[in-house]
Amino acid sequence: MISIKKDTAFKGDGIIIFQDVAQAIQAEKAVKKSGYETRLIAPPPEFRMGCDLALEINLVEKPIIERILKNDDAHYLEILPIKKGTAGLCEILKVTDYGQWTMVKAANMKITFDKESGIIANVSGGGCPDIPYLNVELVGKPLAEAPQPKELGFTLCAVMLDRALDECLRLWNGGN
Amino acid sequence: MMLIVGTIPDEELPMTTGPVGLDGEYLTAGGQRIPRIQGTGAMISAALSLTEYLKLEPPHILVAGDIGDGKGTRQMYNYLIENIEELSPDVLVLHYCMPYMDLMEKLCRVVESCPKKIIMIADAGAMYAAKGAGLADKFDIMTPDPSEIAFLADQKATHPAYIAHHLFECDSSKIPQQIADAYSNKSAANLLLVKGKTDYVASEGMVLASINQPDIPILETIGGTGDTITGLVSAFVYAGYKPFDAAVNAVKTNRIAGEFTQPTPATKVSCIIDSFPEVFEKYLQKWNGVCAT
């Protein structure tokens, strides 16, 4: 088994708070598409309900990011200065070789694919309700044709599954 | 009565409750058909397999369709909070759901006020909510996998996605320490069954048993093979086994069923579950009273 740490260089000084994970995912997509730096992180404890996600941004870019979110009809609760010690998502990926198959694990989520065909053999782990649904949507599909879990899911488990899928795709496309 | 509560990945499924039955590849309850796939469906199927074998009353279920928007989760919690005293289950198993800490707090409060002791078991989203809300010690059994025991050991994390890197990165030899940390943080149930390459049964911070044979590594890749362990331990407890014996029986059953099935990562969890009766027939009597390894 090998561990891979993803790049987490961005350190902004602002945080966008959302009602739920799906709103955060939509906003991340809109901000990134517009070319501004952002990163998914945990909201401060007073905003946590159990399955929560926030966006780290540069506070100086607040006006333009507010405009981007408005144009994208992406809803959020508020934008605040970031507190010290705010937790980021687990960025480590673990890759396990099962001979004909490779399993990639991101936090509590795992995807296993066939090395020869690139077909997703199984999805395991997780505890949020969209995971059994995503299992049905992903299993049996070629990696390149599988839907991105972040597009279909609503939860942090889906976000981690998305990261696992991205790594599977990278490996399938010849990455080391 | 054993009551199993969890979401089903079908937006159209209304909240459904009643005793569960089996119809081919589907579970049936309250006039609804529920697939036996990863998650709550796999967990219920495993529990039903044991209750059928032991000729016990089948599990009662409370399920609702939810694909992650939380609507079904809220319906189930609100129903439970209103009705748990009247339902009065002997064993309450909480499984796949949105990890809403506020609803978990309300539920734990009403369960504590019930005149009868209810054995509480949690896995998946319900376990995340209980830990996040600081209520893990209200539970009798929790069944984390290796990333989830790292989550329980991490005092700050409110979801496994936020596990500290050093806890996620370490190898499985550190699991006993993570178990001890989870207990010292009050983030563990009375009994923990940690599912993995080696399964650990622990209480009060101490590992009481570790089981690693037969070793079927492929089981980790198959969605639902952790859910089946949760279903089995719940059903063994409902059948009157002590939590420790129930946990050891559950992991042994799952491992041996894996050996019987000779799975690949593409094997469906229902194939593993279908081997359980053969395992019970061959081993259950042998294990009675001599469960510890």
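Modeller: A residue is buried if 20 or more other C-beta atoms lie within 10 Å of its own, exposed if 12 or fewer, and partly exposed in between, with C-beta atoms placed from the backbone. Helices (H or I, at least four residues) and strands (E, at least two) are DSSP runs numbered from the N terminus. The model is a predicted one: local features need pLDDT of at least 70, side-chain atom pairs count only at pLDDT 80 or more, and totals for chains, interfaces and linings use all residues. Residues are numbered from 1 along each chain as its sequence is written, while chains are lettered from A and ligands numbered from 1 in the order in which they are written.

Biologist: OK, let's go. How many residues of H8(B) are buried?

Modeller: H8(B) covers residues 225-238 of chain B. This helix is mostly covered, and its buried count is 14 of 14.

Biologist: Which residues in H8(B) does H1(B) meet?

Modeller: H1(B) is the helix at residues 40-53. Contact here asks for C-beta atoms, placed from the backbone, within 7 Å. From the H1(B) side come Ala42(B), Met43(B), Ile44(B), Ser45(B), Ala46(B), Ala47(B), Leu50(B) and Thr51(B). In H8(B) they meet Asp227(B), Thr228(B), Thr230(B), Gly231(B), Leu232(B), Ser234(B), Ala235(B) and Phe236(B).

Biologist: Which residue just after H8(B) takes a positive phi?

Modeller: Step just past the end of H8(B) and you find a phi of about 105 degrees. The residue that takes it is Gly240(B).

Biologist: And where does Pro214(B) lie?

Modeller: This proline is joined to Gln213(B) by a cis peptide bond, with omega at about -10 degrees. As for its place in chain B, Pro214(B) sits in the loop between strand E12 (206-211) and H8.

Biologist: Why is H5(B) largely enclosed by the rest of the structure?

Modeller: Go through the helix, residues 146-153: Pro146(B), Ser147(B), Glu148(B), Ile149(B), Ala150(B), Phe151(B), Leu152(B) and Ala153(B) are buried. H5(B) is largely enclosed because its buried residues number eight of eight.

Biologist: Which elements do the buried residues of H5(B) pack against?

Modeller: The partners come from both chains. Chain B supplies H4, H6, helix H7 (175-184) and strand E10 (191-194), and chain A supplies strand E9 (120-125).

Biologist: Which helix gives the most to the side of chain B that touches chain A?

Modeller: The interface puts 44 residues of chain B in contact with 39 of chain A. Helix H2 (71-87), helix H3 (101-113), helix H4 (124-132), H5 and helix H6 (165-169) of chain B each supply at least two residues of that side. The top contributor, with six residues, is H4(B).

Biologist: What is the radius of gyration of chain B?

Modeller: Chain B comes to 11 helices and 12 strands. For its 293 residues the globule rule gives 19 Å, and the computed value is close to that, so chain B is as compact as a globular protein of that length. The rule is 2.2 Å times the number of residues to the power 0.38, and the radius of gyration is taken over C-alpha atoms. For chain B that radius is 17 Å.

Biologist: What is the radius of gyration of chain A?

Modeller: Chain A has five helices and nine strands, in the order β-β-α-β-β-α-β-β-β-β-β-α-α-α along the sequence. Its C-alpha atoms fill a box of roughly 50 × 30 × 30 Å along the principal axes. The globule rule gives 16 Å for 176 residues; chain A is close to that, so it is as compact as a globular protein of that length, at 17 Å.

Biologist: What percentage of the residues in chain A are buried?

Modeller: For chain B, 58% of the 293 residues count as buried. For the 176 residues of chain A, the share is 47%.

Biologist: Is Asp73(A) buried or exposed?

Modeller: Asp73(A) is in the loop between helix H2 (62-71) and strand E5 (78-81) of chain A. Its phi is near 55 degrees, a positive value in a residue other than glycine. Because 8 other C-beta atoms lie within 10 Å, Asp73(A) is exposed.

Biologist: What separates the C-alpha atoms of Lys11(A) and Arg39(A)?

Modeller: Lys11(A) is in the loop between strand E1 (2-5) and strand E2 (14-17) of chain A, and it counts as exposed because it has 11 C-beta neighbours inside 10 Å. Arg39(A) is 28 residues away along the chain, yet the C-alpha separation is 8.3 Å.

Terms used. Contact = placed C-beta atoms within 7 Å. Axes fitted to C-alpha atoms, helices over the stretch in contact; angles between N-to-C directions.
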